[in-house]
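Dear colleague,

I am passing on a structure for you to look over. My notes on it follow below.

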Amino acid sequence: MTERFEMLIGGARRGAANGTTFSCENPYTGRTWAEVPDATPADVDAAVTAARAALDGPWGQTTGFDRARLLRNLAAQIARDTQRLAAFEVNDSGKLHREMLGQMTGLASWYDYFAGIADKLEGRQIPTPNPNFLVYTRRMPVGVVAAITPWNSPLLLLTWKLAPALAAGCTVVIKPSEHAPVSTLAFGKLFEDAGFPPGVVNIVTGSTGATGAALAGHPGVDKVAFTGATETGRGVARAAAENLNASTLELGGKSAQIVFDDADLDAAANGVIAGIFAAAGQTCMAGSRLLVHTKVHDQLVDLVVKRATTIRLGDPHDPTTEMGPIANGPQFTKVMKLLDQALTEGATIACGGRPDEELGGYFIRPTVLTGLVPDATILRDEVFGPVLAVSTFTDEDDAVTQANGTPYGLAGSVWTRDVHRAHRVAGRLRAGSVWINAYRAVAPSVPFGGYGLSGIGRENGVEAVDAYLETTSVWVELSGATRDPFVLG
Ligand code: NAD
C-alpha cells in the first residue's frame, strides 16, 4: 500500500498548495511505495515566511541553554525512532538496513554534541586604542537557513546542517531530494515532540530541482547549506550570491586510497572494499581510486577482487545483504554510461563491470577496473557507484601527484606501516579528510568538507556552528563626555 506524507510548514502538516503529489519508487522492488507533496513556489514562500516568523517570535528570544535542552530532547526522540527512520531510508534509497540503522543510531550524538555548543557561544570583550570605550561582541543567529540535501544518507547529511543551525538559534527550511524525501518528512514530527516552537523547522518537497532553486535564491533566506552534486552546487552558490548570502557546499569527490608496498595488504584490501563498495559506492567520500605501488599491485588487486566477487547483493532490508541496488533510475543510467566509457577507453575489467543478471533492476556488480590510461575519464569523473579505478605509482611523489590530480579534494587515505611516511603523505594531500590505515569514519566533532570542486566550508566540529552565526560588535561609551561629531573614533 502506498503511504502518504505531508510537508511541515509553520508547525502544520500540509500538502502542496495546488494539491499535487509525486511518487517515491523503492529501488529494490521497483514499486511506488510513497506519495509526497510537489511543492509550488507559494509553498516555498510560506515555509520561508514561517521560518522568519519563528525567528521573530519566541524562538528568537531563546537562550543557548534553552536550545541545548531542546536539542537533547530531539536526540532522545531520535533514539526512540531509529528503526522507523532507517526503514524509510532503505525504502527510498535501497541502502542497507544495517548501515541506515547505524546512521540513525549515531544521529542523536550530533544533536547532543551541538547541544553542548549551544550554551557556550561566547562573544569577546575587545580592547581598543580608545580607553573610553568598552567593546564586546555578541554572536547572533544568521537567520533563516535553507538546507538542501541529496538522496544518499538524507538524515545524516541534513543533521550536519540542522544541528549547528539550531544550536546557533537559526530557523530552517529543509528541501530533501526528490529521490529520497520520506525520512525527512517523517523526521518533522520529532521536532514537535521535542518541544521546538512551530516554524523553527519547516520541510518542503518537490519533484524537480525547481523547488531547491526557488529556496536557494529566495530573498527571505539568509544562508544556504547544500550537499549534492558539484554542478548543482555551482547553481546554488550563484543563487545564494545573488542575495549576497553565504553558502556552505558539500559536493562530489574522486578520492584516492594510496597503498604503499609496506602496507598490511589484508587490512588495505578491507579498507578499499569499505571505501568503494559500502553503500554501493554512493557516498561523496567513496574511495573510488586505488593508487597502489607497482610492487604490490597484483597481490592487492587479487585480494580486492576475491572479496568483491563474494559481496552478497540482495534485499537491503535483509541483515545478511552486503550491497543493495543503485538508488534510482537516473543514477543507474549514469553509472552504466561511465562504465561503458571506461571500457571504450581501454579499461580492463578485473571483476564486475555489468548489471547483476540474476537480480536485475538497478543492481550493478562490484566492479574493479585496471589497465587505465592516465587520462581515462573514470580516473577524473565521479561515478557515485560501485566502480573502483586502479592505477599504480612508483614513489611517494608520484603517488601524491596522482592523488591530487583531480579538481576534487574531499577525502583520501594512506596505507603504510611507516609512521613518518604516513603523516608526511597525509599532510601533502589536498583533501578535507585523510584516514591513515583506515577509511570512511566520521564523527560530530571532526570537520568534514572539501577542497576545490568538493565544496566550500566544513561541516561538523566546533567551528561548524560559525557558519550559522553573525557577529555584532557593541561599543559602549564610558566617559559620558561630548565628542567631536566630525572626528572618527
Ligand atoms: P543533486 O545535486 O542532484 O541534488 C541535491 C539536492 O539539490 C536535491 O535536493 C535536489 O533536488 C536539489 N537541487 C537540484 N537542482 C537544484 C537547483 N537548481 N537548485 C537548488 N537545488 C537543486 O545531487 P544528488 O544526485 O542528490 O546527490 C549526489 C551528489 O551529491 C554526488 O555528486 C555526491 O558526491 C554529492 N554528495 C556530497 C556529499 C558531501 O558531503 N560532500 C555527501 C553526499 C553527496
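**Strands and sheets**

Strand β6 is joined to strand β7 (residues 133-141) by two bridges, and the two run antiparallel. Please keep in mind that this is a predicted model. Within that pairing, Ile126 stands opposite Val135 in β7. The two strands belong to an open sheet of three strands, ordered β6-β7-β21, in which the pairing is antiparallel. At its edges are β6 (125-126) and β21 (469-477), each of which pairs on one side only.

A parallel pairing is found elsewhere: β11 and β12 are linked in that sense over five bridges. One of the residue pairs there is Ala225 with Thr248, the latter being its bridge partner in β12. Strand β12 (residues 246-250) is largely enclosed by the rest of the structure, because four of its five residues are buried.

**Helix α6**

Helix α6 (residues 182-194) is mostly covered, with 10 of its 13 residues buried. The buried residues in α6 include Val182, Leu185, Phe187, Leu190 and Phe191. Ser183 and Thr184 are also buried in this helix, as are Ala186, Gly188 and Ala194. Just after α6 comes Gly195, which takes a positive phi of about 100 degrees.

**Cysteines**

How many disulfides does a search of the whole structure find? The search finds zero. As for individual cysteines, Cys170 is buried at a relative accessible area of 0%. Cys351 also counts as buried, because its relative accessibility of 6% falls under the 20% cut-off.

The largest pocket has a volume of about 790 Å³. Its lining is made up of 39 residues, and those closest to the centre are Pro150, Phe226, Gly228, Ala229 and Thr232. Four elements each supply at least two residues of this lining: α7 (209-216), β11 (223-227), α8 (230-242) and α11 (329-344). The largest share, seven residues, comes from α8. Strand β11, which supplies at least two lining residues, is the strand that pairs with β12.

Sorted by class, the lining of the largest pocket has 18 nonpolar, 14 polar and seven charged residues. Both domain 1 (3-251 + 454-473) and domain 2 (256-436) contribute to the lining of the largest pocket, with at least three residues from each.

The second largest pocket has a volume of about 530 Å³. There are 28 residues in its lining, and the closest to its centre are Glu99, Ala274, Ala278, Ala279 and Arg440. Helices α4 (97-118), α5 (154-168) and α9 (265-277) each give at least two residues to the lining of this second largest pocket. Which element provides the largest share of that lining? It is α4, with six residues.

The class count for the second largest pocket is 15 nonpolar, seven polar and six charged residues. Here too, domain 1 (3-251 + 454-473) and domain 2 (256-436) each provide at least three residues of the lining.

**Cavities**

Rolling a probe the size of a water molecule over the atoms shows where empty space is left. A search of the whole structure finds three cavities of 30 Å³ or more.

About 110 Å³ of space lies in the largest cavity. It is lined by 15 residues, of which Arg289, Ala403, Ala411, Arg430 and Ala431 are the closest to its centre. Seven residues in the lining of the largest cavity are nonpolar, five are polar and three are charged.

The second largest cavity has a volume of about 70 Å³. Of the 13 residues in its lining, Ala286, Ser288, Glu382, Val383 and Phe384 are the closest to the centre. By class, the lining of the second largest cavity has six nonpolar, five polar and two charged residues.

Regards

Definitions and conventions
Residues numbered from 1 in each chain as written. Predicted model: local features only at pLDDT ≥ 70, side-chain atom pairs only at ≥ 80, totals over all residues. Heavy atoms only, no water. 1 Å grid on protein atoms, 1.4 Å probe; cavity = no way out; pocket = protein on both sides within 12 Å on 5 of 7 lines; lining within 4 Å. Points joined across faces, edges and corners; volume = space filled by probe spheres on them. Nonpolar A, V, L, I, M, F, W, Y, C, P; charged D, E, K, R; others polar. Domains from an automatic or database assignment. Pairing = 2+ DSSP bridges. Disulfide = S-S within 2.5 Å. Buried < 20%, exposed > 50% of the residue type's maximum accessible area, 1.4 Å probe, protein only.
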